[in-house]
Amino acid sequence: MKRNVTAVFLLLIFATLAPFGPTTNASQLGGLSDARIGQGLKEALNVATGNAVSRTGRLDGYFRNQAIKILMPKKLKYLETGLRAVGYGPKIDEFVLGMNRAAEKAAPKAKNIFLDAIRGMTFNDVRRILTGGDTAATEFFKEKTSASLAREFRPIVEKSMSEVGATKQFRELVDRYQTIPFANKQRFDIDGYVVDGALFGLFYVMGEEEKKIRKNPAARVTSILRDVFGRKF
């Protein structure tokens with residue numbers, strides 16, 4: 001059954017590479033026409049990307065999701081440990097919140113970029129996804145859109161980090177840490193770190209949404225999804 005559902009999902013992707021119209025001949029896969037299959041894919045992608053963006057691009061979309069919450073960078077763990085030891089724990093917590101708020105503001109920009117990637121898919125892309133796993137489509141999006149998403153996210157993250165005071169807090173925390181005896185000076189691209197964290201979270205949630213549609217009938221929230229993904233071919 002898993003292979004059948006995967007095949008349907010990818011046949012849907014391939015179907016969108018050609019336009020459908022009233023004169024399209026139905027090749028009747030499992031009783032469904034090419035047009036119906038194409039509609040099913042578009043619906044599936046709208047659901048998966050829409051859910052991923054809405055789940056991450058809202059208040060606490062990152063901050064309250066422990067799987068994707070952006071924490072202090074591991075490279076700066078010594079800074080966090082040192083500052084918490086001298087009573088700056090609340091400031092660290094405020095800064096962590098600010099990083100996650102910046103990611104939440106950036107996430108909605110992903111929707112149109114995902115749709116552009118779908119329109120540019122080739123037969124080889126479809127074949128590769130066909131032999132992949134339960135998040136093969138998500139991995140395709142990650143490969144094809146990460147660079148564009150990073151470019152779109154960066155200015156939003158920089159602006160948000162500044163607006164919520166996170167950039168200033170980070171500089172103050174670093175300055176405060178460096179007043180501690182024997183502390184080492186450290187340069188770190190904190191905005192780039194937040195962009196990377198935002199992308200990781202977005203793709204993680206998208207992968208979860210993809211698995212739901214493939215495996216869970218309850219996630220097929222429209223009639224066309226139930227029609228297409230519930231068929232055996």
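Helix H3 (77-85) has a buried set made up of Leu-79, Glu-80, Gly-82 and Leu-83; buried here means under 20% relative accessible area, with exposed over 50% and partly exposed in between, using a 1.4 Å probe and protein chains only. Just past the end of H3, Gly-87 takes a positive phi of about 95°. Keep in mind that this is a predicted model, where local features need pLDDT of at least 70 and side-chain atom pairs count only at pLDDT 80 or more, while totals for chains, interfaces and linings use all residues. Residues are numbered from 1 along each chain as its sequence is written, and side-chain values use heavy atoms, with hydrogens and water left out.

**Overall layout**

- The chain has 10 helices and zero strands, where helices (H or I, at least four residues) and strands (E, at least two) are DSSP runs numbered from the N terminus.
- Read from the N terminus, the elements go α-α-α-α-α-α-α-α-α-α.
- Of the chain's 233 residues, 43% count as buried.
- Take the contacts (heavy atoms within 4.5 Å) with a separation of 6 or more: 81% of them come from residues 24 or more positions apart.

**The nonpolar core**

- A nonpolar core is a set of buried Ala, Val, Leu, Ile, Met, Phe, Trp, Tyr and Cys residues joined through side-chain atoms within 4.5 Å.
- The largest one here has 43 residues, and those with the most contacts inside it are Phe-95, Leu-149, Phe-153, Met-161 and Leu-202.
- At least two core residues come from each of H2 (34-56), H3 (77-85), H4 (89-106), H5 (110-119), H7 (136-163), H8 (166-178) and H9 (190-215).
- H9 gives the most, with nine residues.
- As a general rule, nonpolar side chains in soluble globular proteins tend to be buried together.

- Leu-149 sits in helix H7 and counts as buried, at 0% relative accessibility.
- Leaving out residues up to four places away in sequence, Leu-149 touches Ala-110, Ile-113, Phe-114, Leu-199, Leu-202 and Phe-203.
- Leu-149 and Lys-109 are 40 residues apart along the chain, with their C-alpha atoms separated by 7.7 Å.
- Phe-153 touches Ala-106, Ala-107, Lys-109, Ala-110, Val-195, Ala-198, Leu-199 and Leu-202, again not counting residues up to four places away in sequence.

**How the helices cross**

- Two packed helices are described by the angle between their axes and the distance between the axes.
- Axes are lines fitted to C-alpha atoms, for helices over the stretch in contact, and angles run from 0 to 180 degrees between N-to-C directions.
- The axes of H7 and H9 come within 8 Å and cross at roughly 140°. That makes H7 oblique to H9, given that angles under 35 degrees count as roughly parallel, over 145 as roughly antiparallel, 65 to 115 as roughly perpendicular and the rest as oblique.
- H7 passes H9 in a right-handed crossing; a crossing is right-handed if the near helix is turned clockwise from the far one by less than a right angle, and left-handed if anticlockwise.
- The H7 and H9 contact has 16 nonpolar, five polar and six charged residues, with Ala, Val, Leu, Ile, Met, Phe, Trp, Tyr, Cys and Pro counted as nonpolar, Asp, Glu, Lys and Arg as charged, and the others, Gly among them, as polar.
- For H4 and H9, the axes come within 9 Å and cross at roughly 60°, so the pair is oblique; this crossing is right-handed.
- On the H4 side, Phe-95, Met-99, Ala-102 and Ala-103 meet Ile-190, Tyr-193, Val-194 and Ala-198 of H9. By class, that contact has eight nonpolar residues, no polar and no charged.
- H5 and H7 have axes that come within 10 Å and cross at roughly 140°, which makes them oblique to each other, in a right-handed crossing.
- Residues of H5 that meet H7 include Ile-113 and Phe-114, and Phe-140, Leu-149 and Phe-153 are among their H7 partners. The H5 and H7 contact divides into nine nonpolar, two polar and two charged residues.

**Partly exposed spots**

- Asp-60 lies in the loop between H2 and H3 and has a positive phi of about 70° although it is not a glycine. Asp-60 is partly exposed, with a relative accessible area of 23%.
- Leu-115, in helix H5, is partly exposed with a relative accessible area of 23%.
- Leu-115 and Asn-46 are 69 residues apart in sequence and 8.8 Å apart in space, C-alpha to C-alpha.
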